[in-house]
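Dear colleague,

Please find below the structure that I promised to pass on to you. My notes on it follow, arranged so that you can read them with the coordinates open beside you.

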Number of protein chains: 2
Amino acid sequence: MKKANLICTKCKKQFPLTHINPRCDICREPLEVEKVTSGKIHEGNILKQTMLERYADFFPFTRLDKEISLGEGFTPLAESPKLASELSVKNIFFKNESQNPTWSFKDRGTVAGVQHAIGSGHTRVGTVSTGNMAVSVAAYGARAGLKTFVLVSGDIPPEKLNPIAIYHPILIKVIGDYGKLYFHSLEIGKQQGIYFINSDVPLRVEGSKTIAFEICEQINFEVPDYVVVPTSSGGNIRGILKGFEEFRLCGLISKIPKMICAQAAGCAPIYNAYRSNKETISSVETPHTIAHSIANPYPPSGNEVLRKIKENEGTFVAVTDEEILRAQRRLAGEGIFGQPASAVPLAAVEKLRTEHMLTEHDTVVCIVTGGGLKSTVILKEHDLKVLHGKLEDLNILIENEL
Amino acid sequence: MKKANLICTKCKKQFPLTHINPRCDICREPLEVEKVTSGKIHEGNILKQTMLERYADFFPFTRLDKEISLGEGFTPLAESPKLASELSVKNIFFKNESQNPTWSFKDRGTVAGVQHAIGSGHTRVGTVSTGNMAVSVAAYGARAGLKTFVLVSGDIPPEKLNPIAIYHPILIKVIGDYGKLYFHSLEIGKQQGIYFINSDVPLRVEGSKTIAFEICEQINFEVPDYVVVPTSSGGNIRGILKGFEEFRLCGLISKIPKMICAQAAGCAPIYNAYRSNKETISSVETPHTIAHSIANPYPPSGNEVLRKIKENEGTFVAVTDEEILRAQRRLAGEGIFGQPASAVPLAAVEKLRTEHMLTEHDTVVCIVTGGGLKSTVILKEHDLKVLHGKLEDLNILIENEL
């Protein structure tokens, strides 16, 4: 490992990088890897390079096990001039994370976590998740030949269970308070030597930085005005912001975009705290939204996101399920089919533009965190049009549609 | 359009590139774009470049509409030393096409087809498909703002229908002989000015060439001994082979790999013809396989694949559903979850290695054509292991698994 410390995001206490608990033992807030202040991009042919190689200066690894890569990252940034015109913003881009190996942004943090686990001598990894992260850790654990524990909640539907199980991790449905499981897993990890790559462990947050790095490269280091991130645990938005900050410290960009923390109205603990001027979040009692993958009622990085986005002069927004569904269809009209959570940023842009928080001078990047095939059950909520006809009547049927 | 003709794959008759019918009007065999004999790769930062830009010399386009791109291609080539050792081959690689914008290889051909449609003045595109191609054409048609017709069979399950409908094409369930629909669509296309980007239209086949181009780049122009392709209509394997041939003509590689046409035993018209020494394929009466996306009973490029792969000294193989399922699990053990058709190449390698058609000196590339989330219903066929436990018993449960 390169020399780098973990620092408490709140009280700034330092810990060694090998510290197994991702939280400060004094103030219980999340730790993060200290910021990189000098580094450059290792230019190369991306067809042959891994994400961790290209951005190696920004990771605390002294060795890279290239074979653990599944080809994560390097996702497209698709511009939509049509939507920019309709919404009356300068530009709107979609960073399509559904083109990752397990079809969500989680693979970026997982590969960093697995690399750290291997580098620190672990042979066992784990995660607490019922969604994208469970799939991602199961895949990379299998890839790296590590014993992989995936702890899911007892009521996980089969639609979600089998796509985790196919990678054959040690998959455990846990009966009991799922909210407590996150904290319990840290204890188990310590006792059993399992590196739990949970939602906001420092190295997973480091992995998310690469989203910012790629956006900078993709828009020629000009930096957008806003980056909108569907937010649940808070690890991803923290990582993206940290990525921009590090590129600025390294002189690669001249400003930092404002971050927009976008949540589902049915589970918006960070937005709620912001609206009521609180400094800490409260647990949402009965989360209810179609955007399951961002429905964490008590996000472990919630307080830090609140602090950090306020300091960044970004903002917080919550959108309803109806707005999410409408944005999901609208996004598909641009050729991008995201899971409901991935439509939250577009819904947020629509809302913020109506409220004049965004203007016609703004360039906005929306993070499409995961692919639409992750939750096809939701599609029946749309009133999707299908015609029927006999083969011999086809010509007339088509003519009517021209 | 650059000056290039279409040539009949059988009788060699020439047609202009704008010829709307993808088949020869004399021998009814598929047409293809004449081979490129001089060209180079346009090196650039893939984060900012499109696939059609990088390989522009190999496409007959004089103008590129970059905005129609969704970031197709540039998929990872994942090596699996563990499987190479277990199977006793020199190297085995997986070209993971599930990381395309609609999670299958079809996007490569679709973007080329849409570019050709726009370049030739079409405002309407269409396709006949119930699977990957339907989704892909719906997405790119939406992206390009074209009126998009997707003709699916009357018995398509909702699992497959909704992920097409979400892009809001003009989606028509056609009651009648689905086999006839392919030929019927060509008539309709001519009458109504709809460019049908079907499975083996010349420009779709051109798009598939990029799989070969990328493999060459990814293994440093050393070229594998074998490339194994799940084969249905035959357009993809034709395109990949053509890509290697063109790179050789251009002096970029020194040899051409042998192609392996891999089919599902329950629907193997090309393999059947090869086994019985026929020169033309016969329709499979009752196709039955879990690999739906390669279950075309009468592949339009079947005869050409038969001719071409024999000439290439490649081979043909068919694998059972049981073998496909086993290979799907095994591939997931490497971190790659493919749809059943995508596991066919690995199953084929297992079979051909047992039969000593492949040796320990061979480097093999398997094409993983589409992502596993495309058909999750099939996962219940696997006996996937799931444990259950109470939160308070978790420590003991995990200890038992160490």
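Which strand of chain B is joined by bridges to strand E8 of chain A, and how many bridges are there? The partner is strand E14 (residues 387-390) of chain B, which is joined to E8 (residues 170-175) of chain A by four bridges, with the two strands running parallel. Please keep in mind throughout that this is a predicted model.

Within that pairing, two partners can be picked out by residue: Lys173(A) has His388(B) as its bridge partner in E14(B), and Val174(A) has Gly389(B). The two strands belong to an open sheet of five, in the order E9(A)-E6(A)-E7(A)-E8(A)-E14(B), with parallel pairing. Strand E9 (195-196) of chain A and E14 of chain B stand at the edges of this sheet and have a single partner strand each, so one side of each is left without a neighbour there. Helix H6 (residues 178-192) of chain A lies across E6, E7, E8 and E9 of chain A, and its direction makes an angle of about 165° with E6(A).

As for the contact between the two chains, 75 residues of chain A and 76 residues of chain B take part in it. On the side of chain B that touches chain A, 38 of the residues are nonpolar, 21 are polar and 17 are charged.

In the pair formed by helix H3 (residues 106-119) and helix H7 (residues 202-218) of chain A, the axes come within 7 Å and cross at roughly 135°, which makes H3(A) oblique to H7(A). The crossing of H3(A) with H7(A) is right-handed. Among the residues that make this contact are Val111(A), Ala112(A) and His116(A) of H3(A), together with Leu203(A), Val205(A) and Ile211(A) of H7(A). Sorted by class, the contact of H3(A) with H7(A) has five nonpolar, six polar and three charged residues.

The second pair is helix H11 (residues 321-332) and helix H12 (residues 340-354) of chain A, whose axes come within 7 Å and cross at roughly 100°, so that H11(A) is roughly perpendicular to H12(A). The residues that meet here include Ile324(A), Ala327(A) and Leu331(A) from H11(A), and Val344(A), Leu346(A) and Ala347(A) from H12(A). By class, the contact of H11(A) with H12(A) has eight nonpolar, one polar and four charged residues.

Helix H10 of chain A is largely enclosed by the rest of the structure, because seven of its ten residues are buried. The buried residues of H10(A) are Gly302(A), Asn303(A), Glu304(A), Val305(A), Leu306(A), Lys308(A) and Ile309(A), and they pack against helix H8 (235-249), strand E11 (258-264), helix H9 (269-275) and E12 of chain A.

H10(A) is followed by Glu313(A), which has a positive phi of about 60° although it is not a glycine. Glu313(A) lies in the loop between H10 (302-311) and strand E12 (315-319) of chain A, and it is exposed, with 9 other C-beta atoms within 10 Å. His168(A) likewise has a positive phi, of about 40°, without being a glycine. His168(A) is found in the loop between helix H5 (158-165) and E8 of chain A, and with 18 other C-beta atoms within 10 Å it is partly exposed.

With best wishes

Key
Residues numbered from 1 in each chain as written. Chains lettered and ligands numbered in written order. Predicted model: local features only at pLDDT ≥ 70, side-chain atom pairs only at ≥ 80, totals over all residues. Contact = placed C-beta atoms within 7 Å. Nonpolar A, V, L, I, M, F, W, Y, C, P; charged D, E, K, R; others polar. Pairing = 2+ DSSP bridges. Axes fitted to C-alpha atoms, helices over the stretch in contact; angles between N-to-C directions. Parallel < 35°, antiparallel > 145°, perpendicular 65-115°, else oblique. Left-handed = near helix turned anticlockwise from the far one by under 90°. Buried ≥ 20, exposed ≤ 12 C-beta atoms within 10 Å, placed from the backbone.
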